[in-house]
Amino acid sequence: MVKHETDRSGTAGSLGLSVDRGSPVPLYFQLSQQLEEAIEKGGLAPGSLLGNEIELAGRLGLSRPTVRQAIQSLVDKGLLVRRRGVGTQVVHSRVKRPLELSSLYDDLETAGQRPATRVLRNTTEPAGPEVAAALGVPEDTEVILIERLRLAHGQPMAYLRNHLPSGLLELPTERLEATGLYRLMRGAGITLHSARQSVGARAAGAEEAQRLEEPEGAPLLTMERTTFDDTGRAVEFGSHVYRASRYAFEFQLLVRP
């Protein structure tokens, strides 16, 4: 088994990257996996530079095409970007969100992703059939509608559309832009108890693509969630879309005895 390892100079060099030429795993994939892990765990922070391909290839004893292929795979995932005159730079890590009753704002903050919110609409509207059924109110009942763009490190992450029963709580736009919806609900004395949730995927339409800075037709993850308080009352119906290049849901599966 022959291993080649980076030196200890530079941002990528300080990670102790190595490749195993005796492994059946392609060399480019070994390198891309180690770089992705370093990004996910914060070893390569947003804005970090990898250095150019020639330098990295020399440190690892790899060919330049192999290094280029590893880097391109992470560029395709949206983790790295090539900037003319700057080099290859870490953009962000992909957020992996557990499927539990938590808010995207809290999950991003916990992951060190510097969440921010842009409120697009904060109004009321008559409940359509889907919203009325989710919230347990008659059709055409006035309900709160909030549309937000959630960002991480200044980059769009998700487009969030939430309906809530009218009069449930005050939701000033400035507060919605300063923190997460679930924090505001808990602060108003609402105990979030459980939720019914479905996850899917579809292609981005023109308007969604523009908002999320993705090409039209790019894959989006979708989530619909109805949240209930401790009395069993439906207090929120969310219909959200997420950039698949930046976001993933995590499941924990248990083996049935």
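How many of the 257 residues in the protein are buried, as a percentage? Buried residues make up 45%. Buried here means under 20% relative accessible area, exposed means over 50%, and partly exposed lies in between, with a 1.4 Å probe and protein chains only.

Ground rules next. This is a predicted model, in which local features need pLDDT of at least 70, side-chain atom pairs count only at pLDDT 80 or more, and totals for chains, interfaces and linings use all residues. Residues are numbered from 1 along each chain as its sequence is written, and side-chain values use heavy atoms, with hydrogens and water left out.

Now the overall picture. The protein has 9 helices and 12 strands. These are DSSP runs, H or I of at least four residues for helices and E of at least two for strands, numbered from the N terminus. Take the contacts between residues at least 6 apart in sequence: 57% of them join residues at least 24 apart. Contact means heavy atoms within 4.5 Å.

On to the sheet. It is open, with 6 strands in the order β6-β7-β8-β11-β10-β9, and the pairing is antiparallel. Two strands pair if DSSP finds at least two bridges between them. The edges are β6 (115-126) and β9 (192-203), and each pairs on one side only. From one strand to the next, the twist averages 15°.

Strand β10, residues 219-229, runs antiparallel to β9, and 11 bridges join the two. Gln197 has Arg225 in β10 as its bridge partner. Val199 also lies in β9. Is Val199 buried, exposed or partly exposed? Val199 counts as partly exposed, because its relative accessibility is 38%. Between Val199 and Thr222 there are 5.6 Å in space, C-alpha to C-alpha, and 23 residues in sequence.

Last, a helix pair. Helix α3 is residues 53-60, helix α4 is residues 64-76, and their axes come within 9 Å and cross at roughly 110°. So α3 is roughly perpendicular to α4. Axes are lines fitted to C-alpha atoms, for helices over the stretch in contact, and angles run from 0 to 180 degrees between N-to-C directions. Under 35 degrees is roughly parallel, over 145 roughly antiparallel, 65 to 115 roughly perpendicular, and the rest oblique.

Which residues make the contact? From α3, Glu53, Ile54, Leu56 and Ala57; from α4, Arg64, Val67, Arg68 and Ile71. By class, that is 5 nonpolar, no polar and 3 charged residues. Nonpolar covers Ala, Val, Leu, Ile, Met, Phe, Trp, Tyr, Cys and Pro; charged covers Asp, Glu, Lys and Arg; the others, Gly among them, are polar.
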